[in-house]
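Below is a short briefing on one protein model. Look through the sequence and the structure first, then read the points by topic.

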Amino acid sequence: SSITILYDESHLYYSTIVEHFQQTRINGLTIPIASVLYRGHIPFSQIRDSENRIILVLVGQNMLSQVLCITLRNGYVYPTYQLVFMNRILNDLRPVNAVYDRHRITCNLHEIVEAAEKSIFLQYHDSSNSPRMKSTDIGLSRNEFRQRYRKLIRRFNRRENVSTEPSVWATFYFDAAWAMALALNNSQDELRSLGLDLAQFKYGQNQITDAIHKQLTRLSFQGISGQIKFNSTTGFISRGIDVL
């Protein structure tokens with residue numbers, strides 16, 4: 001019934017989620033602390049005084065390990081506090097060597113994993129990991145997508161002499177790009193009838209924007225990550241959540 005939210009406001013995604021929580025009236029839910037994390041600052045004294053033990057953490061990959069290291073060093077981990085991370089995975093964890101509150105803090109990878117132990121990780125469900133979900137509407141099976149994606153990663157690493165790892169969000173990015181391409185393509189006939197052309201599309205042309213938006217909400221196809229169908233009211237896709 002009462003949660004603390006710590007978030008990185010440099011990510012519009014996270015600040016928008018916090019605004020949604022604050023504006024949505026959920027019976028019995030209070031958010032006494034919704035604090036921005038800047039340079040890793042965590043309001044430990046406020047959290048302690050609130051006696052609030054559930055902490056929802058909305059941060060990107062770069063800040064994840066730092067937050068875990070800081071909370072470990074200050075004793076704000078399970079079982080005293082329950083940390084909940086959204087759209088982060090254990091593969092995001094890295095050793096930490098940083099300055100916090102004018103003091104150097106370090107954590108090796110083993111300590112970071114220990115700090116994450118018993119935390120809750122929430123992720124969007126990716127149907128491409130299900131062996132029963134094989135066919136898609138975009139001409140690629142999920143196995144073919146994975147093979148091509150890994151091949152491109154290897155080629156990129158050789159060319160740039162880097163060691164980029166395949167992203168767990170690859171299927172979602174792919175489906176998002178595919179959805180946008182379909183919406184653009186499907187809007188062309190309507191735009192031509194209005195004497196408009198996508199090639200001249202620029203900021204402030206609401207008629208073109210509205211046509212593209214309308215086509216996005218009409219989409220319904222089986223993507224690599226799962227069924228793609230946007231809710232016309234919220235703009236989101238209804239998708240299962242994996243709790244780890």
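The model is predicted. The points below take the pockets in turn, then a pair of strands, then the nonpolar cores.

**The second largest pocket**

- The volume of the second largest pocket is about 540 Å³.
- Two elements, α1 and β7 (120-124), each supply at least two residues of its lining.
- The most comes from α1, which gives six residues to the lining of the second largest pocket.
- Sorted by class, this lining holds nine nonpolar and six polar residues, and no charged residues.

**The largest pocket**

- The largest pocket contains about 1,000 Å³ of space.
- Its lining is made of 31 residues, and those closest to the centre are Asn87, Tyr124, Trp169, Phe172 and Tyr173.
- The elements giving two or more residues to this lining are α1 (12-23) and α6 (170-186).
- The largest share, six residues, is from α6.
- By class, the lining of the largest pocket has 17 nonpolar, eight polar and six charged residues.

**A strand pair**

- Strand β5 (residues 96-100) pairs with strand β6 (residues 103-107) in the antiparallel sense, over five bridges.
- Within this pair, Val99 of β5 stands opposite Arg104 in β6.
- The two strands form a hairpin with two residues between them.

**The nonpolar cores**

- In soluble globular proteins, nonpolar side chains tend to be buried together.
- The largest nonpolar core here has 30 residues, and Ile42 and Leu68 touch the most other members.
- Elements that give two or more residues to this core are α2 (44-50), β3 (54-58), α3 (61-73), β4 (82-86), β5, β6 and α4 (109-116).
- Of these, α3 gives the most, with six residues.
- Leaving aside residues up to four places away in sequence, Ile42 touches Leu6, Leu37, Ile47, Val67, Ile70, Thr71 and Tyr100.
- Another core, of 16 residues, lies apart from the largest one, and among its members are Leu140, Ala211, Ile224 and Phe230.

Technical notes. Residues numbered from 1 in each chain as written. Predicted model: local features only at pLDDT ≥ 70, side-chain atom pairs only at ≥ 80, totals over all residues. Heavy atoms only, no water. 1 Å grid on protein atoms, 1.4 Å probe; cavity = no way out; pocket = protein on both sides within 12 Å on 5 of 7 lines; lining within 4 Å. Points joined across faces, edges and corners; volume = space filled by probe spheres on them. Helix = DSSP H or I, 4+ residues; strand = E, 2+ residues; numbered from the N terminus. Nonpolar A, V, L, I, M, F, W, Y, C, P; charged D, E, K, R; others polar. Pairing = 2+ DSSP bridges. Core = buried A, V, L, I, M, F, W, Y, C linked by side-chain atoms within 4.5 Å. Buried < 20%, exposed > 50% of the residue type's maximum accessible area, 1.4 Å probe, protein only. Contact = heavy atoms within 4.5 Å.
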